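Please look over the sequence and the model first, then read the points below.

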Amino acid sequence: MSGGEELLEQLQSYAGQQVGAPVAAPDEVNQAMIRHWVEAVDDQLPIYTDEAAAANSVHGGIVAPPVMLQAWIMRGFRPTPAEGGSAQDDLMALLDEAGFTSVVATNCDQEYGRYLRPGDRLTLTSFIESVSPEKTTALGVGHFITTRQEYRDQDGELVGTMTFRILKFRPAARKEAPAERPKRPRPVITQDSRFWFEGAKEHRLLIQKCSDCGDLRHPPGPMCHSCQSLRWEPVEASGRGTVHSYVVNHHPQLPAFDYPLAIGLIDLEEGTRLVADIVGIEPDDIEIGMAVELEWADHDPDLSLPQFHPVTAGGA
Ligand SMILES: [Zn+2]
């Protein structure tokens, strides 16, 4: 038996094993977490938060969004190690030793048995479902590991499952570090946002305007939030605005950016808001409400982005 075959046999012996002891949800399904969730993802379906509407629906009361399944038992920022170790940890250690030291998540599928309701208390049991033979991928050579998570309620009923697959791989050898500064990451340009980036290349800060009701909107999207019209036209912003909020990014540091990096949420005088770098000022001196104005940064021939500097005393 070759070393590779021996390793694969060892790895595949983990298939079917339970990953440590079952984990109990720290809190029962509750309205507060549901509210935070639906606000974060902007899901306005009333069955999640409106008692009266939920009571009149087929559910007869408040239910939790099914996609919150994992949230009820997600581990915290400082996870406590599983008592008595876990098969998953052992499997990972085995792969690390064999040189498959990097990891990337590849797929996640969830299935829901029923809607969860406030008061339900979940328990999670995880199993290693399979370990693939060695595969060659764009990231490097590695093994796909699939785990199956079973979510049960206080009565032991299976209420949902999640299949989660990762690739544990041997990182490809690093290429020589480029002498030139790498380019900024490319924005994802969609059919809806293309006009905005094209405008930016011409140093024009554009806002989408509904051709029917005249409402302005940003970020770009296909439909007017006010009147559901699909007709729109671009208008050019004056470039004057104020700082609605900001963050100063220290970590992680990417070589294409300068740090500390102040990123603002800018209220344009037209009434829309956008995210852009704040420059020309020490981050400590930035203030909420501060008047700022647009300037353009040509990061490379294909990428121009708006950024904002403070309006100097005396007016610029
Ligand atoms: Zn409209």
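R114, D120, D153 and E157 are joined in a network of salt bridges. The model is a predicted one.

**The network and the salt bridge count**

- D120 is buried, because its relative accessible area of 7% is under the 20% cut-off.
- R114 has a relative accessibility of 26% and counts as partly exposed.
- The count of salt bridges comes to 14.
- As a general point, side chains of opposite charge can pair when their charged atoms come close.

**Salt bridges between separate parts of the chain**

- E236 and R204 meet through their side chains in a salt bridge of 3.1 Å, N to O.
- E236 belongs to strand β9 and R204 to the loop between α5 and β7, so this pair ties together parts that are 32 residues apart in sequence.
- Both partners are partly exposed: E236 has a relative accessible area of 45%, and R204 has a relative accessibility of 33%.
- A salt bridge also joins E269 and R240, whose closest N and O atoms are 3.0 Å apart.
- This pair links distant parts of the chain, 29 residues apart: E269 is in the loop between β11 (261-268) and β12 (273-278), and R240 is in strand β10 (residues 240-249).
- E269 is partly exposed, with a relative accessible area of 47%, and R240 is partly exposed at 47% relative accessibility.

**The zinc site**

- Which protein atoms are the donors of the zinc ion? They are the SG atoms of C210, C213, C224 and C227, lying 2.3 Å from the ion.
- The site is tetrahedral, with angles of 103 to 116° among the 4 donor atoms.
- For comparison, the ideal angle at a metal with four tetrahedral donors is 109.5 degrees.
- The spacing of the donor residues in sequence is C-x2-C-x10-C-x2-C.
- C213 is in the loop between β7 and β8, and C224 is in the loop between β8 and β9, so the two tie together parts that are 11 residues apart in sequence.
- Is each of these two cysteines buried or partly exposed? C213 is partly exposed, with a relative accessible area of 36%, whereas C224 counts as buried at 3%.

**The sheet of β7, β8 and β9**

- An open sheet is formed by 3 strands in the order β8-β7-β9, with antiparallel pairing.
- β8 (216-217) and β9 (232-236) are the edge strands, and each pairs on one side only.
- Strand β7 (residues 206-210) pairs with β8 in the antiparallel sense over 2 bridges.
- Opposite K209 stands L216 in β8.
- Helix α5 (residues 194-201) packs on the sheet and touches β7 and β9; the direction of α5 makes about 140° with that of β7.

- S126 is in strand β3 (residues 123-131).
- Buried or exposed? S126 is buried, with a relative accessible area of 12%.
- Apart from neighbours within four places in sequence, S126 is in contact with Q17, Q18, V19, R148 and Q149.

Terms used. Residues are numbered from 1 along each chain as its sequence is written. This is a predicted model: local features need pLDDT of at least 70, side-chain atom pairs count only at pLDDT 80 or more; totals for chains, interfaces and linings use all residues. Side-chain values use heavy atoms; hydrogens and water are left out. Two strands pair if DSSP finds at least two bridges between them. Helices (H or I, at least four residues) and strands (E, at least two) are DSSP runs, numbered from the N terminus. Contact means heavy atoms within 4.5 Å. Axes are lines fitted to C-alpha atoms, for helices over the stretch in contact, and angles run from 0 to 180 degrees between N-to-C directions. Buried means under 20% relative accessible area, exposed over 50%, partly exposed in between (1.4 Å probe, protein chains only). A salt bridge is a side-chain nitrogen of Lys or Arg within 4 Å of a carboxyl oxygen of Asp or Glu. Donors are N, O and S atoms within 2.8 Å of the metal (3.2 Å for Na, K and Ca); water is not among the atoms, so sites may look incomplete. Four donors count as tetrahedral if all angles lie between 85 and 135 degrees; four count as square planar and six as octahedral if opposite donors are over 155 degrees apart and all others between 65 and 115; anything else is irregular.
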